[in-house]
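Please look through the sequence and the model shown here before reading on.

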Amino acid sequence: MTALDTRSVPDATVRRRPAHVRTAWLLAVLVALAAIMVASVAFGSRSVAWSDVWAALGGTDDTVARAAATKRIPRTVLAVVVGAALGLSGGVMQGVTRNPLADPGVLGVNMGASLAVVTAVAFFGLASPTSYVWVAMAGAALSAVFVHTVGSLGRGGPTPLKLALAGAATSAAFASLVSAVVLPRNDIAESFRLWQIGGVGGASFARIGHVLPFLAVGFVICLLSARALNSLALGDEVAAGLGERVAVVRAVAALGAVVLCGASTAVAGPIGFVGLVVPHTCRLLVGVDHRWQLPFSALLGASLLTAADVAGRLVARPAEIDVGIVTALLGGPFFLYIVRRQKVRAL
């Protein structure tokens, strides 16, 4: 049996949404995502007219507004891609562990990836953007293993609360280590701010191109794991009786989630709580079937992160608030709500 007390799982698994309801929500989320992407390009410290946006798409930037649009387009694409990756990885982590508190940020996975990149750059001269991704994935994997090991100690095994506490402590420790590495190095402190807070500012299509192959692999692995995750939701013994190799399913799905976390952290820093908020919302909209829930998690994650980026730009005009801070402000209260709602107890 895995981390979560699953006495309510059989009841949850029969809650299905009719096809027309799912289709309606799919259209609504797609429309919302399109509208948010439009707002992300049009609004910021300077409002941009659509004529300037179209001119920027055509490759001209001979005005300040067009130059702003040129910078916002890759920023919007990065927010969409990273948000989708974080939302999907959160849904997979919750499915693999059957833990309602699972999230790349809460479990310290993102901060582990961040620490690995910062350490490699500061002490080993890592410079290749592709190498960032490999190092970040390694750090994410090691952090995930460490948190699960610590959370499994003691009686009761890896309960949700123990994993959350282990992840929070690990994330705080890794954040302190990142600061310890960065602060003495004035020459690199500014460039490392990304790996302390998380943000999508300064995005470029070149940066996106470096991580896109890794993200594509992670997306494919996670989405192909959906049917097996449905079996795991019924319990390990039932899943094994249905022909699933439980350990293999968990390892493969977790690998996909780690790839998504590592790649997104390498390009945008440790952005938290997207993977926590989004899967819970998706279960309310389309039910518990992972074949629907995981694609919706990707779409809703993209919408949430892009909207948070727009909000951070509008609230602090003419400056901006990094999206990692905005998602923390949104996700912190939601995390406390989930803890109270699930009434999780350490065993």
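Trp54 belongs to helix 3 (residues 50-57), helices being DSSP runs of H or I with at least four residues, numbered from the N terminus. Trp54 counts as exposed because its relative accessibility is 57%, given that exposed means over 50%, buried under 20% and partly exposed in between (1.4 Å probe, protein chains only).

Residues are numbered from 1 along each chain as its sequence is written. Because the model is predicted, local features need pLDDT of at least 70 and side-chain atom pairs count only at pLDDT 80 or more, while totals for chains, interfaces and linings use all residues, and side-chain values use heavy atoms, with hydrogens and water left out.

Side chains of opposite charge can pair when their charged atoms come close. With a salt bridge taken as a side-chain nitrogen of Lys or Arg within 4 Å of a carboxyl oxygen of Asp or Glu, the count comes to six. One of them joins Arg75 to Glu320, with the closest N and O atoms 2.9 Å apart; this pair links distant parts of the chain, since Arg75 sits in helix 4 (residues 64-97) and Glu320 in the loop between helix 14 (290-315) and helix 15 (323-342), 245 residues apart. Arg75 is buried at a relative accessible area of 10%, whereas Glu320, at 37%, counts as partly exposed.

Within helix 14, Asp309 and Arg313 lie four residues apart, about one turn of the helix, and their side chains meet in a salt bridge of 3.0 Å, N to O. Salt bridges that share partners join Arg75, Asp309, Arg313 and Glu320 into one network.

Arg250 and Asp236 form another salt bridge, their closest N and O atoms being 3.0 Å apart. The pair connects helix 12 (residues 246-268), which holds Arg250, with helix 11 (residues 236-241), which holds Asp236, and both residues are buried.

Helix 12 also packs with helix 5 (residues 109-124): their axes come within 9 Å and cross at roughly 50°.

Conventions. Helices (H or I, at least four residues) and strands (E, at least two) are DSSP runs, numbered from the N terminus. Axes are lines fitted to C-alpha atoms, for helices over the stretch in contact, and angles run from 0 to 180 degrees between N-to-C directions.
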